[in-house]
Amino acid sequence: MLVLGLTGNIGCGKSSLSNIFKKNGIHIIDADIISRQIFDDKRVLEDVFKYFGEEIKNSDNTLNRKALGRIVFNDNNKLIQLNSLTHPRIRAKILNEVENIKLQGENIVLIDAALLVEGGYLEILDKLIVVVCDEEVQINRIQLRDNCSKQDALSRINSQISQREKSKYGDYIIDNSGTLMQLQKKADEFIKYMKENWCE
Ligand SMILES: CC(C)(COP(=O)(O)OP(=O)(O)OC[C@H]1O[C@@H](n2cnc3c(N)ncnc32)[C@H](O)[C@@H]1O)[C@@H](O)C(=O)NCCC(=O)NCCS
Ligand SMILES: Nc1ncnc2c1ncn2[C@@H]1O[C@H](COP(=O)(O)OP(=O)(O)OP(=O)(O)O)[C@@H](O)[C@H]1O
């Protein structure tokens with residue numbers, strides 16, 4: 001089975017691209033979904049509440065994601081602490097899903113995650129696709145999607161390694177600074193390239 005990674009910085013277009021790949025029959029593992037599921041485990045929630053306190057708790061005792069985001073994306077030490085609680089669990093789930101998909105006899109699986117490079121996933125990937133985007137466009141898209149200030153968008157961007165650094169690890173780079181129609185065309189070109197060069 002070909003194990004592909006799809007990464008890129010926040011708001012560059014991973015989800016948009018992986019939706020196109022999904023429509024082309026590629027099996028997707030979405031790290032954003034997994035990173036939400038791990039908070040269904042009460043032990044994870046308790047650990048996070050113990051460290052970050054009452055201000056990240058909703059009145060019904062669920063996690064206030066926006067409040068936690070405000071804290072960790074403005075304080076790198078706290079982000080490191082959150083990562084140490086969440087990342088081992090996210091990683092275990094991703095590896096487990098890869099194995100399950102392999103057992104189902106799939107030919108290709110694609111892991112969609114912002115932190116494939118930072119999180120040390122390169123060793124399990126056969127190939128890495130990096131989606132990039134002009135920073136001004138990226139900031140605008142984040143602000144529009146998350147209804148946040150430019151400063152909030154920049155704080156999140158700065159909590160990840162730069163697009164340039166991430167691109168160094170890419171086997172295939174897709175620039176998503178243009179329209180969604182253009183992204184669709186680039187995705188089609190990529191699929192053709194992958195079938196000709198990466199599949200037996
Ligand atoms: C801090 C949290 C609660 C904020 O939730 P919120 O709903 O506001 O954002 P969401 O989860 O949709 O993340 C949006 C984007 O932020 C970026 N991001 C998320 N977590 C991180 C992180 N630990 N480091 C750097 N960037 C991150 C990613 O590009 C992600 O796609 C949440 O992001 C979280 O639990 N993060 C830790 C888990 C994680 O590392 N997830 C990313 C897996 S690749
Ligand atoms: N080519 C495009 N033209 C216009 N809007 C776009 C384009 N690509 C993506 N978007 C929009 O920009 C926002 C960010 O895109 P998307 O969610 O795909 O990025 P992402 O890399 O998955 O982000 P995150 O890291 O936060 O999960 C979304 O609201 C999406 O609809």
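How many residues does α6 have, and how far does α6 reach from its first C-alpha to its last? Helix α6 has 12 residues and reaches 16 Å, close to the 16 Å expected at 1.5 Å a residue; the expected span is 1.5 Å times one less than the number of residues. Helices here are DSSP runs (H or I, at least four residues), numbered from the N terminus. Just after α6, N147 takes a positive phi of about 50 degrees.

A word on the model before going on. This is a predicted model, in which local features need pLDDT of at least 70 and side-chain atom pairs count only at pLDDT 80 or more, while totals for chains, interfaces and linings use all residues. Residues are numbered from 1 along each chain as its sequence is written, and chains are lettered from A and ligands numbered from 1 in the order in which they are written.

**The two ligands**

Let us start with ligand 2. Around ligand 2 there are 17 residues, and K14, S15, S16, R141 and R145 come nearest; a residue counts as near if its C-beta atom, placed from the backbone, lies within 6 Å. Helices α1 (14-23), α6 (135-146) and α9 (180-197) each supply at least two residues of this shell, and α1 gives the most, with three residues.

Ligand 1 has 20 residues around it, of which I10, S35, R65, G69 and A114 come nearest. Here α2 (31-37), α4 (65-72) and α5 (76-103) each supply at least two residues of the shell.

The shells can also be sorted by residue class: Ala, Val, Leu, Ile, Met, Phe, Trp, Tyr, Cys and Pro count as nonpolar, Asp, Glu, Lys and Arg as charged, and the others, Gly among them, as polar.

**How the helices pack**

Axes are lines fitted to C-alpha atoms, for helices over the stretch in contact, and angles run from 0 to 180 degrees between N-to-C directions. Angles under 35 degrees count as roughly parallel, over 145 as roughly antiparallel, 65 to 115 as roughly perpendicular and the rest as oblique.

The axes of α6 and α7 (residues 150-158) come within 9 Å and cross at roughly 115 degrees, which means that α6 is roughly perpendicular to α7. I139, I142 and Q143 of α6 make the contact with K150, A153, L154 and R156 of α7; two residues are in contact if their C-beta atoms, placed from the backbone, lie within 7 Å. That contact divides into four nonpolar, one polar and two charged residues.

Helices α1 and α9 also meet: their axes come within 10 Å and cross at roughly 50 degrees, so the two are oblique to each other. On the α1 side the contact is made by S16, L17, I20 and F21, and on the α9 side by L180, L183, Q184 and A187. By class, this contact has six nonpolar, two polar and no charged residues.

Finally, α3 (residues 42-52) and α5 pack at an angle of about 175 degrees, with their axes 10 Å apart, and α3 is therefore roughly antiparallel to α5. Their contact joins V44, D47, V48 and Y51 of α3 to Q81, L85 and R89 of α5.
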